[in-house]
Amino acid sequence: MMINFLDFKINYFFVSKEEFECLINMVGFITGILTVSVFLPFFINSSKSAIARCKFLYPNETPIYCIKNGIISSIIITYLVGAFLGTFILPFFMFNNLTSIRQVTYTTLWIYIIAFVIGLYGVFFRFNITYILTDKGIRLICPYKILSCMFKETFFIEYATIKSIKLCKSLFMPELLIALKDNKTLHRLIGFKNLDRAKIEAENYIK
């Protein structure tokens, strides 16, 4: 005998608007916390993993400093993405006769599911981007194999090619501008934590 999972769904018409809002907010909170719980260990361990990979790939270089994203910002963004799943997507699988939740409708649900999957992978990728300052230059290192298709680990700046480094401070998106001797300026280091420390460490080798 096959189980009809539709029998376990709640009839939307039997739930008040206040109860529905309370329920989806609770589910969103739970999925947000679960998403953070799954991703946070990767965020915390990314620097150690990247340094170990750097030593393995480039044994002739010594890692000096690791540039990575802040834990607090990664937790907030990851929570919001996870909460979106529980607030706007899962309820359609929990309720019968549910046609829309604010801007998300049953007919456009597949678009938001795709957007959620892309967003989740994007968050995982963005907050695991790791740059390593070695005694030779600045390298982009992929901390996990699952992200290797998104990383161009050939990115490397030798200190000898750097003319100057400037820190542009802002509340949420500080940026480290690296001016090269060929008159190019790199804008890759945006939104990472402790960029002031990274600037000092790099300038010690440029001089």
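Which residues touch the most other members of the largest nonpolar core? Ile67, Tyr131, Leu133, Ile138 and Ile162 do, in a core of 41 residues. By nonpolar core I mean a set of buried Ala, Val, Leu, Ile, Met, Phe, Trp, Tyr and Cys residues joined through side-chain atoms within 4.5 Å. Buried is under 20% relative accessible area, exposed is over 50%, and partly exposed is in between, with a 1.4 Å probe and protein chains only.

Some ground rules. This is a predicted model, where local features need pLDDT of at least 70, side-chain atom pairs count only at pLDDT 80 or more, and totals for chains, interfaces and linings use all residues. Residues are numbered from 1 along each chain as its sequence is written, and side-chain values use heavy atoms, with hydrogens and water left out.

Now take Tyr131. Contact here means heavy atoms within 4.5 Å. Leaving out neighbours within four places in sequence, Tyr131 contacts Tyr65, Cys66, Ile67, Ile138, Arg139, Leu140, Phe155, Arg188, Leu189 and Phe192.

Next, the whole protein. There are five helices and eleven strands. These are DSSP runs numbered from the N terminus: helices are H or I with at least four residues, strands are E with at least two.

What is the radius of gyration? The protein has 22 Å, whereas a compact globule of 207 residues would have one near 17 Å. That radius is taken over C-alpha atoms, and the globule rule is 2.2 Å times the number of residues to the power 0.38. Along the principal axes, the C-alpha atoms fill a box of roughly 70 × 40 × 25 Å.

Buried residues make up 39% of the 207. Of the contacts between residues at least 6 apart in sequence, 59% join residues at least 24 apart. The accessible surface is about 12,500 Å², and carbon and sulfur atoms hold 66% of it. Those areas come from the Shrake-Rupley method with a 1.4 Å probe; for residues, only the protein chains shown count as cover.

Helix H1 next. It spans residues 17-57 and contains proline 41. Is proline 41 buried or partly exposed? Partly exposed, because its relative accessible area is 47%. Beyond four places in sequence, proline 41 touches Val36 and Tyr144. Its C-alpha atom is 38 Å from that of asparagine 11, 30 residues away along the chain.

Serine 49 is also in H1. This serine counts as buried, because its relative accessible area is 17%. Past its neighbours within four places, serine 49 contacts Pro143 and Tyr144. So Tyr144 turns up for proline 41 and for serine 49.

Over to H4, which holds tryptophan 110. Tryptophan 110 counts as exposed, because its relative accessibility is 52%.

Last, two backbone points. Asparagine 97 is not a glycine, yet has a positive phi of about 65°. It sits in the loop between strand S3 (95-96) and strand S4 (100-101). Asparagine 97 is partly exposed, at 41% relative accessibility. Arginine 102, again not a glycine, has a positive phi of about 55°. Its place is the loop between S4 and strand S5 (104-105).
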